[in-house]
Structures are given as structure tokens and as C-alpha cells.
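Let's take a friendly walk through a protein model and its two ligands. Please have the sequence and the 3D view open as you read.

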Amino acid sequence: MQERSSFLIVANRLPVDRVGESEWRRSPGGLVTAIAPVMQRRDGAWLGWHGAADEKLEPFDYDGMHLIPIPLSALEVERYYEGFSNATLWPLYHDVVATPVYSRVLWDAYRRVNERFAQAAAEAADEGAVVWVQDYQLQLVPAMLRRLRPDLRIGFFLHIPFPPAELFCQLPWRREILEGLLGADLVGFQRPGGASNFIRLSRRLLGLPHQKNEIHVDGRVVRAQAFPISVDFGEYDNLVRRPEVIARAKEIRAELGDPDHVLLGVDRLDYTKGIGQRLKAFGELLAEGTIQPGEAVFVQIATPSRERVEEYRRLRNDIELSVGRINGEHGILGMQPVQYLHQSYTRQELAALYLAADVMVVTPLRDGMNLVAKEYIACHHDLRGALVLSEFAGAADELKHAFLVNPYDVDGLKRAMVAGMRATPHELARRMRFLRRRVSTYDVNRWAGEFLSALERPSTVQPLASAG
Ligand code: ADP
Ligand code: G6P
């Protein structure tokens, strides 16, 4: 029998991905970025998929974390992960910026895989343990787990936006999803709007009463609250003070031909990130002559993501076409205005890129938070650098001193990029000071600490015995 833990993270992904026979690589995305440092500081276990299909692995330790792999078959990867998670829920929860697929076959797979995660968590959790379930791929797990183990304290955190009723109600399985989430004691969201959407939907679809942010269900009280996620500020702040990172940042600028302005985008290659919009804006600035080739270089790093999902394939083609077009029209021999890299980098190399960049361009059409924006801020103790940030990223709530933009407004985007490039050092320092104050105070440890202490704190509201 495996050892049981008093603290469990349950997420679709483990923090590492299997590549090749015995090699591991850090998994992509903001969830892993945020949870890994929390886990490294606590004793406990992390349950999740290790990124390869049709393979059963034994629990193992990695980078100070105890990991319990959950197997997925190739068909489950297709239907639960690529299908219901990323072709149904992902676009639906991101303002339907792509059209969601509604299919009963995908839903069945989602339910079955959620059941497997709940079973595994029930087996791995010690009596009275705290279990923290993560994100949209596992929204049924809280209720399934509660049925198996009513002794546990169950938290859930949604890393992506929670949509308003007008969108959520499209989902044929809307009641089941709400009931799944309501199995938790505490449901966390990135923004207060997500929490109030959830409370309103619980009343409207399930008839559940609430007092402020506490919902009465089955004689229990479920709290719904916003906890804006963050980054490990100290890690990046330390990295950019290291001589080798400073040297690498200088080298990057030199390799780019020492332009006056380095603009940077760092994203998973995802249609929610507004990569096409920012490239269009940059292309127009070159075409109009507002910026000259050689004066500015746009570096776009786009980590491969969900490559077998149709919309992601199409996006990759569109982006590569538009990079080719801009470089074809505005490049000069030996100098391409857009440097596009479809690759994943180490945190050290990312830190050097952030440090080298004069303007960070973060333009999602919708985003739960966006940690890249916060990482950039953590890398600028030099108070240099401008952050152009979409008002549709969760991060915009906190980062009011960024150059805020509506990514659908190409002219506005162009103005913000130019403003970032032309701002005086004094103006940039003023903004960066505010931004750093916020991110250094509300870092990922504070986020996890606040969530977990709220989870461990019993509600002061008396449950309504008859509710639910
Ligand atoms: P999402 O969670 O949607 O991917 P976030 O901006 O919140 O978006 O988080 C992305 C995370 O992935 C950040 O921590 C960022 O550093 C990391 N990341 C993005 N692109 C790359 C890349 N090319 N190489 C390595 N890490 C990356
Ligand atoms: C976002 C999601 C995470 C997900 C990550 C990477 O951050 O909120 O749940 O893990 O993207 O996506 P992937 O599909 O590769 O796990």
C-alpha cells in the first residue's frame, strides 16, 4: 500500500512531462509555474498525468516533490484532454473566442477520467487531509471525492476565467459541472467576477441559496472567493541579478543587432493570447514608417501547445504566415524585424529575455491571470521596461500602471506599443515601481497561503439543513 499524505495537489498535469525513455522536462503553462514552488515548500504529494499516453508509472520524487502519475489511454488523451477539456471547456470559458465542441462522447470520457483522479486522490489522502484540486480539467473531482471521502477538506482553484451565465448556459452538462465544483469546501477564482458568476449560476440553475459568498448545499456551506494567482517573485528577482543572466541579456541584444527597442512576446501558442493581433499592430507600424526596420525587433517566443487540436494547428499556420509576410515585406538582408521561436526555454533563458526586452507585449483576448506579465515585472529591479497589457487579462485588475490596451483595437495597440517605446526613463521607472510593489507583495506564496488558510478556516455561517 502506498504512503498516505496529509496534503495533496490534484491537477491534470504533473509538473514534469515525459520526453523519450527516461527524460523529463518541465510541463508548460501557468498552473505548473504557480503550484511547483508551493509544493516544493510543503510536504505532500502531487497527482497528475505525466504527458504520455498508454503508460503506467510508479510514484517517484522529482525536484523536491513527490509525484503520483495517473495514466491516460490514447483515446482518453483524445477525448478527455484534447476533446472536452481543450475543445469544449477552454474556448467556452475564454469568451468563446473559438467555437466550443459539444459532444456526448467527449463528456463521457471527461466524467470517467475525473472519476479516476477522484479514486486516486481518495487512496492517497490521509485521514482528514487537505486536498487541493486544480483547474477546468477536473471540475467533477470535488463532488466525486467527497462521496468517497467525506472526512477530507477539499479546495478547488480555477486557473482560467469562469464565464458569465450567458455563455456557461450553452453547456449541455452545466448542472453536473456546478454540482461537481460544489463538492469542494472552498472554490477559488482568479477574479471576483468569476466567483459572482458561480454564485449566481448556483442559484439560477440549482436553486441554491447563498449569503454573500457562501452557498448552502446539502447542509454544508461552500465558499466562493477570488484569489489572484501570482509568480515566485524572488526566484526571478534573484535570477536577473546573476552575472551570467546579465551577460546573456546583453548577448541577446547584440544577437538581435542592438536595435533601439526590443519588443517581446512569450506565450503558449494559444488562440486566446492575441499573438496575431500584436503582430498585425507591429506590421502596420513598420508599413506606415512609424518605426524603421533595424530600429525595433519583435521577439515572439511561442511554446508548442495542444498541437493535435484543430484550432491550435490553424493558429500555428496563421502566425507563421503572418511572421513570414512581415519579414518578407520589411526585412533587410541580415535583419528580420520579427524573430519567431516555436520553442520552450529554461527559466534562466526566459529571465535573460525579459531583462533584455524594452517592451513586453501581453495581449490576450481573454486570460485567467497571465503570469508572463508578472514574471516580466519581477525581472526589472532596474526599473527599465514597459509592460503593454490587455485589459482582458486577469492581471489587469492589479497592474493598473501597465500600458493597458484593448487587443481588438489595432490602432490602440499600436499607440500603446509606441508609447512603451517612447516613454522617458523617468516615466517607465514611475510605473515599474508601482508594478513591482504589487507583484512583490502578492507573490505566489501569499496566494497559496491565503487560499489554504481560508480552506482550513471553518465558515462562520450556520448551514441550512434543508438546503440543496
Ligand atoms: P498559460 O497558463 O495560459 O500558459 P501564463 O502566462 O499564466 O499562461 O503562464 C505561462 C507560463 O509558461 C509562464 O510561467 C511562462 O514563463 C511559461 N512559458 C511560456 N512560454 C514559455 C517558453 N517558450 N518556454 C518556457 N516557458 C514558457
Ligand atoms: C493553462 C491551464 C493549465 C494547463 C496549462 C498548459 O495554464 O490553466 O491547466 O496545464 O495551460 O496547458 P496544457 O494543456 O499543456 O496542460
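The report below starts with the whole chain and then visits each ligand in turn.

## Before we start

This is a predicted model, in which local features need pLDDT of at least 70 and side-chain atom pairs count only at pLDDT 80 or more, while totals for chains, interfaces and linings use all residues. Residues are numbered from 1 along each chain as its sequence is written, chains are lettered from A and ligands numbered from 1 in the order in which they are written, and side-chain values use heavy atoms, with hydrogens and water left out.

## The whole chain

The protein chain contains 16 helices and 18 strands (DSSP runs numbered from the N terminus: H or I of at least four residues for helices, E of at least two for strands). Its radius of gyration, 22 Å, is close to the 23 Å that the globule rule gives for 468 residues, so the chain is as compact as a globular protein of that length (the radius is taken over C-alpha atoms, and the rule is 2.2 Å times the number of residues to the power 0.38).

Along its principal axes, the C-alpha trace spans about 70 × 45 × 40 Å. Of the 468 residues, 59% are buried (under 20% relative accessible area, with a 1.4 Å probe and protein chains only).

## Around ligand 1

Ligand 1 has 18 residues around it, and Gly30, Thr33, Arg268, Tyr345 and Glu375 come nearest (a residue is near if one of its heavy atoms lies within 4 Å). Domain 1 (5-229 + 447-456) and domain 2 (233-441) both give residues to this shell, so ligand 1 lies between them (the bounds come from an automatic or database domain assignment).

Look next for polar contacts (pairs of N or O atoms within 3.5 Å). A polar backbone atom of Gly30 is 2.7 Å from an oxygen atom of ligand 1, and one of Tyr345 is 2.7 Å from a nitrogen atom of ligand 1. Taken alone, ligand 1 exposes 570 Å², and the protein buries 88% of that (areas by the Shrake-Rupley method with a 1.4 Å probe).

## Around ligand 2

Which residues are the closest to ligand 2? Among the 14 that surround it, they are Arg13, Tyr81, Asp135, Gln137 and Arg306. Helix H1 (30-40) and helix H2 (74-93) each supply at least two residues of the shell around ligand 2.

In the side chain of Tyr81, an N or O atom is 2.5 Å from an oxygen atom of ligand 2. Arg306 has a polar side-chain atom 2.8 Å from an oxygen atom of ligand 2. Ligand 2 exposes 370 Å² when taken alone, and the protein buries 94% of that.

Note on methods. A polar contact is a pair of N or O atoms within 3.5 Å; within protein, one must be able to donate a hydrogen and the other to accept it, and residues adjacent in sequence count only if both atoms are side-chain atoms. Buried means under 20% relative accessible area, exposed over 50%, partly exposed in between (1.4 Å probe, protein chains only).
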